[in-house]
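Let us walk through this structure step by step. Keep the 3D view open as you read.

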Amino acid sequence: MEYCDAGSFPELFRAMSAKRLFSESQYKVEDEPADKRLKPRRLSLASVIGKVIKLNSMNKHLSDLEPWLRRLVNEELENALRRCNSHLFTRFHPLENQAEVETSSCLQLMFSKKVLPSTLFTASKIADMDNNPLQLVLVDQRSTSTTGDRVLVPKADHDLSLYPIKIEIVVLNGEFPLRGDETWSSEEFNQSIVKERAGKRPLLAGELCVTMREGLGLVGDIEFTDNSSWIRCREFRLGAKVVPGSYKGTARIQEAITESFVVKDHRGESYKKKHPPMLEDEVWRLEKIGKHGTFHKKLSSQGINSVQDFLKLYVVDTPRLREILAGMSEKMWEVTTRHASTCVLGNKLYRFQGNDNCVIVLNPICHVVGAFIDVDGQLFPAAPDLSVETNYIQSLVRAAYENWNSLQEAK
């Protein structure tokens, strides 16, 4: 019989206790009836409702995530296909791909004067600010002149033997390009082309096809057939693009656009303001003076019917003119006089001689150009003390204004 060391009793006791507990639990389970052991746990109504709510919430989140997941998968597939196609094109057409990358956006069509009048009218010929026909040029975006302007494409630099190139004139939404970019894709340009309204004539009429030779093309007579009030921004632009098939080069030619403008019906042209006004224009052509309006009637009652009449009185007697337009605010007065000051005066000069030998020469709006002394029909410059600022000269100017119709034109 072997004897255990006293130090091993605690370990022996723990082992025997564990064995007894295991045996008891085993017998306890085996002694329980089978129907009691297999009987499922009964769920409360609250727990069932909670599980249903959680399930519905999970389904809602999944339905919300489904479009996002579909879009994400589609984008990844498209990117993968694009990379694959690009790799294949580079692999099988390395020289062609390289040429496209180098010259894809170096050429651009441009209107020589892209700023048009701020308001155009239907059934009226479209022209630039100087009333000249629109002109298109082909420029090289990579080259600039000493003034910073892009230069016309030299014939030696590109295969211009492919000319003539056919250019189409189109109407664009005034909001294009959306971000104010100077470059855009052909797809973006085409998506911004505005077509006519249902049941209307084509939006642009006339010579819409331009033949460009050696980098230059002159736009023929074109006009709008409808106003721009029916689109959201209420403004149009003119655009120009290469007609498909007329240019066989590898470089993409970027389209041309003008600045935006408003198009109104031609019946509104009779109320149009002139920029710049002409001397013979009726006075209501000036800004802030409406046709048949209060200011127009006040001016007409004082014999001021033309822009020239307005400017002559403004030069000779500004306070009197301001008194006639007493109901006009200072801001409106400033706008009107500033507009009038842009008037094209021409080259005509007029002479007026007082009761003595003093002669003054005036421009068409009573500004003194010079003062002279008439000696036997010959004019000599007046003495310095007879400058245009003296009261005597100013009295001659007033006399000339009052007798304007009797003035002789200076030769």
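Start at Trp 230. This is a predicted model, and in it Trp 230 has a relative accessibility of 27%, so it counts as partly exposed. Phe 236 is another matter: its relative accessibility is 0%, so it counts as buried.

These two residues meet through their rings. A pair of aromatic rings is described by the distance of the centres and the angle of the planes. The structure holds seven such aromatic pairs. For Trp 230 and Phe 236, the centres are 6.4 Å apart and the planes stand at 70 degrees, so the pair is edge-to-face. Both residues also belong to one aromatic cluster, together with Phe 224 and Phe 261.

Now move to Tyr 314 and Trp 333. Their aromatic pair is tilted, with 6.0 Å from centre to centre and 50 degrees between the planes. Tyr 314 sits in helix 7 (residues 307–316) and Trp 333 in helix 9 (residues 330–340), so the pair ties together parts 19 residues apart in sequence. Tyr 314, at 31% relative accessibility, counts as partly exposed. Trp 333 is buried, at 11% relative accessible area.

Last, find Gln 254. It lies in strand 11 (residues 253–254). Is Gln 254 buried or exposed? It is buried: its relative accessible area is 2%. A polar atom of its side chain lies 2.8 Å from the backbone oxygen of Glu 182. Beyond its neighbours within four places in sequence, Gln 254 contacts several residues, including Leu 107, Gln 108, Leu 109 and Gln 141. Glu 182, Thr 183 and Trp 184 are also among them.

Notes. Residues are numbered from 1 along each chain as its sequence is written. This is a predicted model: local features need pLDDT of at least 70, side-chain atom pairs count only at pLDDT 80 or more; totals for chains, interfaces and linings use all residues. Side-chain values use heavy atoms; hydrogens and water are left out. Rings of Phe, Tyr and Trp (its six-membered ring) pair if their centres lie within 6.5 Å; planes under 30 degrees apart count as stacked, over 60 as edge-to-face and the rest as tilted. Buried means under 20% relative accessible area, exposed over 50%, partly exposed in between (1.4 Å probe, protein chains only). Helices (H or I, at least four residues) and strands (E, at least two) are DSSP runs, numbered from the N terminus. A polar contact is a pair of N or O atoms within 3.5 Å; within protein, one must be able to donate a hydrogen and the other to accept it, and residues adjacent in sequence count only if both atoms are side-chain atoms. Contact means heavy atoms within 4.5 Å.
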